[in-house]
Amino acid sequence: MRAGGAVVGICVFVTALAGIELTRGTERIAAIWISNAVLLAAVLKEERSSWIFLFPAAWLGNILANLQSGDGLLTAATLSAVNMIEVLICALLVTGLTKERDFRRPRPMFILTAVSMGPACLLSAGIAAFALYQMTGASFISVFANWYAADALGLITVTPLLLILNRGDLADLFHRRVLLRTLFVLVVLVTALAAVFLQSTLPLLFLAFPAIILATFCLGFPGAAFSVFLTAMIGLWSTMYGLGPIALIQESLRIKLYALQLFTATSSITSFAIACLLGERTLLMSALSQAPDFHYIKNLRSEIVSANLNVARHVGLRTTTEVLGKTDFDFTNRERAKELFIEEQGVMFSNNPVNNKVERVLDARGNERWFETSKVPLHSATGRVVGMAGVTRDIMERRSLELELKAGKERLDLILSEMSGGLAVINSDGFIIFCNEKYKSLFPLTGELRNPGAYLPSILALSKEKGEAPGLDPKIAMRKLKEGADDELELYNGTWLRIRSNPVANGNTTIVVSDVTDMKKAYFELRGMAKKLELLADTDGLTGLFNRRSFDERIEQEISRCRRNRKPISLIMIDVDRFKAYNDHYGHQAGDAYLQNVARVLEATIKRPADFVARYGGEEMCIVLPETEQSGAFVFAEHVRLAVNRLAIAHAKSEKMHVTISAGVAALVHDGKASTAAELIYRADTALYTAKSGGRDRIACWNGSGDGMLRRM
């Protein structure tokens, strides 16, 4: 961390000295101050505990730059301290107001802009203006205006650009799939800026703004940040040398620089706002496109305006763009399409949403498929219906289980209908007036007392007293018999009786008692079979762990529970090292046994009921630890790693010569903000990638910046 502080100090020194030197011919009037932006970007990338190394180094670099430019020691130290105060205020407010560190998102970007243009730069400009007024007699208003404008512009334009430098966004710009688009946008941007700023004949400043917006729309946040920064630099250079539309202003250089600052700030705020919104839209569209169910949005004419990849594949197309503008008439028979059209028009115009509608559909091969569909109308901000959103789920697996259970119930009803039962009739006072022998034989301890003329309430009380029916409440049972009921009663010897009563017009009550012990056993067996089917549906066939489907469901449940309880939840994503090499060398059967051994080790480490292990896919497995901090999960993961090492399974193709695992550890700390399974998986997967990149047989933890932090070397 000390080395990082030294690097930041050098960067601050270089940028501060360059900024001062560039203003020698302008009475120290800076159009944009970059050194504070460099320091703020470095600070926001680190935890607060690391700031103690960054600020002293940056302060020293700032002092040296001012001394090099000819300032006295007191002036240099004072101005450097003011710069540190500005960055510290900005960093404290930004990190205090939001825990997000992705400044491509609207909320953190808005907070950064508001804090930079608000308290941070206003306070520092005021302190600097007062200090220079006291020490040199400089104009308070002039120093305040120049300091505020240059520093605020630097913070809101340069800081976002530096914050995304270590992200994959910049690499994505030059990916082969989008390289031509990136080059085209850069050519257009440079051409437009050259036409605007490399001539002083025509006031073409308005041409720069469309070029910046084009870069923003085509290249996203990196394009916005780069285009604004490039515009500011080219505009500053041209204005200093009397070129460009700003130079046409018949005012002093100070006024021209203020005009350039105003234009750059406006472009920055506008383009960054657009980029943030576009980023949110891209994120949502990616989530929609890759969702496992069938998601689609239709306009008022039931034409598809958005759909995910599953919808396209379901209708035999390759990409989502191929389904846009089409209706159900393009994909199914006219009768079915008309039915769907009428239904969707009812959703939109009659406010009649479809909720969990289950329907049977035959696919192109004539196979039966079952789907569950929900559709709701979409409204504009004014309440006007603008379309419809729908989601359809494939419920074939669930439907199979339901049909199995239904068949079981029908078998139970058949058994009941064919049984011969006992029969008794009681009058309105509760005396038995008739009963058959079967009725008496069904009650082993009180059967001999159940004769005509006997008082049934007394017999029920005696049955309870003798323990014939331990769960019987005589008063409640008698009331139910007179009202008419269909109950089941378990006797002490495990016999189950079904007791149905039916009051008749003369006040008497007919009672039919059947021995349903076989039925109950069949029911319990079917219920057990249903549980086994459910377990099979949730279990990976090779390892016996929860499968991916079960993992997706359970992790969502555990995250929701931890969010309600405001508790953390940790995920350990495990990858078996060099598994393909093991398979190739020892064979697939040995590879399967290898995975089974690792799975047994993972299962053996689980102690708490809420913890669970799942096979994520291939050689990847996951351990979910609710109510566990990331540090605790790291210790747990290290325990698992050592346990696997103790298996000492030979692996000739591994650098370790035995079986090893790598793991990534991440946690969500619920503090009232949204937390998702996708985010937790992303963090753990990023940390896993770091562990594997670090040499395998390692544990890495998510460090909050998007890169895993290697915790075991």
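**Close-up views of a predicted model**

**View 1. Strand β14 is mostly covered.** Strand β14 spans residues 661-668, and eight of its eight residues are buried. The model shown here and in the other views is predicted. In a regular strand, side chains alternate between the two faces of the sheet. Both faces of β14 are covered. I661, A663, V665 and A667 are buried on one side. S662, G664, A666 and L668 are buried on the other.

View 2. Strands of a sheet pair through backbone hydrogen bonds, either parallel or antiparallel. Strand β11 (residues 569-576) runs antiparallel to β14, and eight bridges join the two. In this pairing, M573 stands opposite G664 of β14. Strand β15 (residues 699-702) pairs with β14 in the parallel sense, over three bridges. Here V665 stands opposite C701 of β15. Both G664 and V665 are buried.

**View 3. Helix α18 has its buried residues on one face.** Helix α18 covers residues 548-564. Its 17 residues should span 24 Å at 1.5 Å a residue, and the end C-alpha atoms are 24 Å apart, which agrees. The buried residues are S550, F551, I555, E558, I559 and C562. Seen down the axis of α18, the buried residues fall within an arc of 155°, so they line one face of the helix. An α-helix has 3.6 residues a turn, so residues three or four places apart point the same way. Q557 and R564 are exposed on the other side of α18.

**View 4. The two ends of α18.** N547 caps the N-terminal end of the helix. A side-chain oxygen of N547 lies 3.3 Å from the backbone nitrogen of R549. Just after α18, R566 takes a positive phi of about 55°.

**View 5. An open sheet of five strands.** The strand order is β7-β6-β10-β9-β8, with antiparallel pairing. β7 (432-435) and β8 (486-490) stand at the edges with a single partner strand each, so one side of each is left without a neighbour in the sheet. Neighbouring strands are turned by 20° against each other on average, direction ignored. Within the sheet, β6 (residues 422-426) and β10 (residues 509-515) run antiparallel and are joined by five bridges. L423 stands opposite V512 of β10.

View 6. An unreviewed UniProt entry lists residues 28-44, 51-67, 73-97, 109-133, 145-166, 178-198, 204-221 and 255-278 under "transmembrane region". In the model, residues 109-133 are 100% helix and 0% strand, with end C-alpha atoms 34 Å apart. Residues 255-278 are also 100% helix and 0% strand. Their end C-alpha atoms lie 34 Å apart.

**View 7. N83 in helix α4.** N83 lies in helix α4, residues 73-97. The UniProt entry lists 73-97 among its "transmembrane region" spans. N83 has 3% relative accessibility, so it counts as buried. A polar contact of 3.0 Å joins the side chains of N83 and N36.

**View 8. S350 in a loop.** S350 lies in the loop between α12 (334-349) and β3 (354-362). Its relative accessibility is 54%, so S350 counts as exposed. S350 and P377 are 27 residues apart in sequence. In space, S350 and P377 are 9.5 Å apart, C-alpha to C-alpha.

Conventions
Residues are numbered from 1 along each chain as its sequence is written. This is a predicted model: local features need pLDDT of at least 70, side-chain atom pairs count only at pLDDT 80 or more; totals for chains, interfaces and linings use all residues. Side-chain values use heavy atoms; hydrogens and water are left out. Buried means under 20% relative accessible area, exposed over 50%, partly exposed in between (1.4 Å probe, protein chains only). Helices (H or I, at least four residues) and strands (E, at least two) are DSSP runs, numbered from the N terminus. Two strands pair if DSSP finds at least two bridges between them. The expected span of a helix is 1.5 Å times one less than its number of residues. The arc is that of the directions from the helix axis to the C-beta atoms. A polar contact is a pair of N or O atoms within 3.5 Å; within protein, one must be able to donate a hydrogen and the other to accept it, and residues adjacent in sequence count only if both atoms are side-chain atoms. UniProt positions are given in the numbering used here, feature names are shortened, and annotations may be inferred rather than shown by experiment. Axes are lines fitted to C-alpha atoms, for helices over the stretch in contact, and angles run from 0 to 180 degrees between N-to-C directions.
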